[in-house]
Amino acid sequence: MASEQQPAVVTCTAPVNIAVIKYWGKRDEELILPINSSLSVTLHQQQLKTTTTATISKDFTEDRIWLNGREEDVGQPRIQACLQEIRRLARKRRSDGAEDALPPRLSYKVHVASVNNFPTAAGLASSAAGFACLACALARVYGVEGDLSEVARRGSGSACRSLYGGFVEWQMGQRADGADSIAQQVAPESHWPELRILVLVVSAEKKLTGSTAGMQTSVETSALLRFRAEALVPARMAEMARCIRERDFQAFGQLTMKDSNQFHATCLDTFPPISYLNDTSRRVIHLVHRFNAHHGCTKVAYSFDAGPNAVIFTLADTVPEFVAAVQHNFPPEPNGDKFLQGLPVEPALLSDELKAALGTDPTPGGIRYIIATQVGPGPQVLDDPGAHLLGPDGLPKPAS
């Protein structure tokens, strides 16, 4: 593609992903190389996504970035790592070492605006969606093609998994330069149409211990983390890939919960210990196990990332009853009409037997709201100029 044909402004969207085999800990902090492989499910962008506009111009005097309407420091190391990597790849693609052959646009400054349609830094994988989206938008505006795993990964490790839809593995790789630490799709989003995801938002507040700091402390102090990475994760990766391939929800659900529990055990094994779960999180865990015990099989499974919010995996036909169980145990606040968001859920009545099996006192307001979603596609490019977050002057459009 000739430089003249490249768009000067690009808008992309990218999805959130939730790891069912968790990534926690880096072997290289600068290149963001993990100590173990991981596997995730991409959530649908109709419910959870980041939208990013990137534009370059010879008139811009500096790189600038806005996140959710506020200008941020473009000098943040993660943002700089993405920018530098994209520009390096763009120069490499355009030049055989002859600097004077480079198109002028490669030296242009960039303006970026990004918005999330869900809470940022609350343990809902906002950085993964954000940096995947940034990588895609920058790549298109600077004319970079091919795998963007390294660009996204330099921003946020799990961002490379948001470059694909469906079910995605991030291979830890062995090389010191990280060239083989890439994301690959295990199965497309159409592979398991009955699978549903419920995000139970316990707290939308920023978490006390950020993932980056938490990981570093775990790598330095947790013997359990090292054992998990070396002795357990390789077999779990293979088993999880089989569960997905064969759509074996029983085994998928149990392994998802065990891996989530083990991740949080490594956080407690860290010194000083890190606790991302709160009392409501633990009540959700209790609810899931009581619900499954009542049915005599694994009908729902939980997973918690580095935050208190629960991500529930289940099949479509179980959603109404489980949502009713959540509403029974965590009665919504008076604004209950906003309690259930995303995909429509049919109302269901709980049997007296199930209510008795759940057996805990209700906790009003414990769950703030539920987002019902499903497996979705990878990043999308929006062709509609009306979707751009930046105006012709390269500044954020006023909020409508």
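A residue is called buried when its relative accessible area is under 20%, and exposed when that area is over 50%. With these terms, several parts of this predicted model can be described.

**A buried strand and its partners**

Strand β6 covers residues 49-57, and eight of its nine residues are buried, so the strand is largely enclosed by the rest of the structure. Two other strands pair with β6. Strand β1, made of residues 9-15, pairs with β6 in the antiparallel sense over seven bridges. Within this pairing, Cys12 has Thr52 of β6 as its bridge partner. Strand β9, residues 109-116, also runs antiparallel to β6, and eight bridges join these two strands. Here the bridge partner of Ala54 is Val112 in β9. The two pairings are set out below.

| Strand paired with β6 | Residues | Sense | Bridges |
|---|---|---|---|
| β1 | 9-15 | antiparallel | seven |
| β9 | 109-116 | antiparallel | eight |

The structure holds one cavity of 30 Å³ or more. The space in the largest cavity is about 50 Å³. Its lining consists of Asp63, Arg64, Ile65, Val74, Ile79, Leu83, Val110, Val112, Leu134 and Leu138. Two or more residues of this lining come from each of the elements β7 (64-67), α1 (77-94), β9 and α2 (126-142).

**Two residues in contrasting surroundings**

Is Asn329 buried or exposed? Asn329 lies in helix α8, which spans residues 319-329. Its relative accessible area is 5%; because this value is under the 20% limit, Asn329 counts as buried. Apart from its neighbours within four places in sequence, Asn329 is in contact with Leu287, Leu358, Thr360, Pro362 and Thr363.

Gly386 belongs to the segment that follows β17 (380-381). With a relative accessible area of 55%, Gly386 is exposed, because the value is over the 50% limit. Which separation is found between the C-alpha atoms of Gly386 and Thr11? These two residues are 375 residues apart along the chain, and their C-alpha atoms are separated by 9.9 Å.

Terms used:
Residues numbered from 1 in each chain as written. Predicted model: local features only at pLDDT ≥ 70, side-chain atom pairs only at ≥ 80, totals over all residues. Heavy atoms only, no water. Buried < 20%, exposed > 50% of the residue type's maximum accessible area, 1.4 Å probe, protein only. Helix = DSSP H or I, 4+ residues; strand = E, 2+ residues; numbered from the N terminus. Pairing = 2+ DSSP bridges. Contact = heavy atoms within 4.5 Å. 1 Å grid on protein atoms, 1.4 Å probe; cavity = no way out; pocket = protein on both sides within 12 Å on 5 of 7 lines; lining within 4 Å. Points joined across faces, edges and corners; volume = space filled by probe spheres on them.
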